[in-house]
Amino acid sequence: MNKKLIETVKKKLSEESSRLEKQIADLQGHNRPKNGSEGVEWMEVGTKEDENASEVATYQENLSLEQNLQASLGEIKIALEKIAAGTYGVCSVCGRDIEQKRLEVFPAATQHTDCRTNSATV
Ligand SMILES: [Zn+2]
């Protein structure tokens, strides 16, 4: 794996990871109640049924968005660990080097495009 690519990828991954961490922190901030003082009481905010329902819906949307962000962040951290361990860019299915072009576009990739398509996992 060429060093220049590793440097580029490392920079991209670090930037992406701080961006995701910030987004997650923002989301967690939004999930706190607007009126209540503590997180545990958010369910009781709002007197009408539909107000509560829409708060729950927003909360759940944010929660699944947060889970997606956490998952992406997890992939990025794995990629960074692999760079540190010197195993970055190796396909987890067939063990060959992943295409450089793919890594440039999707630095957290752990499989070839073909291997990813053929396997059920990410
Ligand atoms: Zn492969």
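What follows is a chat about a predicted model of one protein chain.

Me: Before we start, what are the ground rules for this model?
Reply: The model is predicted, so local features need pLDDT of at least 70 and side-chain atom pairs count only at pLDDT 80 or more, while totals for chains, interfaces and linings use all residues. Residues are numbered from 1 along each chain as its sequence is written.

Me: And what's the mean pLDDT of the chain?
Reply: The mean is 84, and 81% of the residues reach 70 or more. pLDDT is the predictor's confidence in each residue, from 0 to 100.

Me: Where does pLDDT stay under 50?
Reply: Over residues 36-41. For that stretch the model has six contacts beyond four places in sequence. A contact here means two residues with C-beta atoms, placed from the backbone, within 7 Å.

Me: OK, secondary structure. How many helices and strands are there?
Reply: Four helices and zero strands. From the N terminus on, the order is α-α-α-α. These are DSSP runs numbered from the N terminus: helices are H or I with at least four residues, strands are E with at least two.

Me: Which element has the highest mean pLDDT, and which the lowest?
Reply: α1 has the highest at 93, and helix α4 (residues 113-118) the lowest at 86.

Me: What about the span of α1, does it agree or disagree with its length?
Reply: It agrees, because 28 residues at 1.5 Å a residue should span 40 Å and the end C-alpha atoms are 40 Å apart. The expected span is 1.5 Å times one less than the number of residues.

Me: And α2?
Reply: That agrees too: its 37 residues should span 54 Å, and the end C-alpha atoms are 53 Å apart. Just after α2, Gly-86 takes a positive phi of about 80°.

Me: Switching to packing. What share of the chain is buried?
Reply: Buried residues make up 11% of the 122 residues. Buried means 20 or more other C-beta atoms within 10 Å of a residue's own, exposed means 12 or fewer, and partly exposed is in between, with C-beta atoms placed from the backbone.

Me: Which residues form the largest nonpolar core?
Reply: Nine of them: Val-9, Leu-13, Ile-76, Ala-79, Tyr-88, Ile-98, Leu-103, Ala-108 and Ala-109. α1 (3-30) and α2 (49-85) each supply at least two residues of this core. A nonpolar core is a set of buried Ala, Val, Leu, Ile, Met, Phe, Trp, Tyr and Cys residues joined through C-beta atoms within 7 Å.

Me: Which residues of α1 are buried, and what covers them?
Reply: The buried ones are Val-9, Leu-13 and Leu-20. Their cover includes α2 and α3 (100-105).

Me: What does Leu-13 contact, leaving aside neighbours within four places?
Reply: Leu-13 is in contact with Ile-76, Ala-79, Leu-80, Pro-107 and Ala-108.

Me: Last one: what does Glu-66 touch beyond four places in sequence?
Reply: Glu-66 touches Ile-24 and Leu-27. Glu-66 sits in helix α2 and counts as partly exposed, with 17 C-beta neighbours inside 10 Å.
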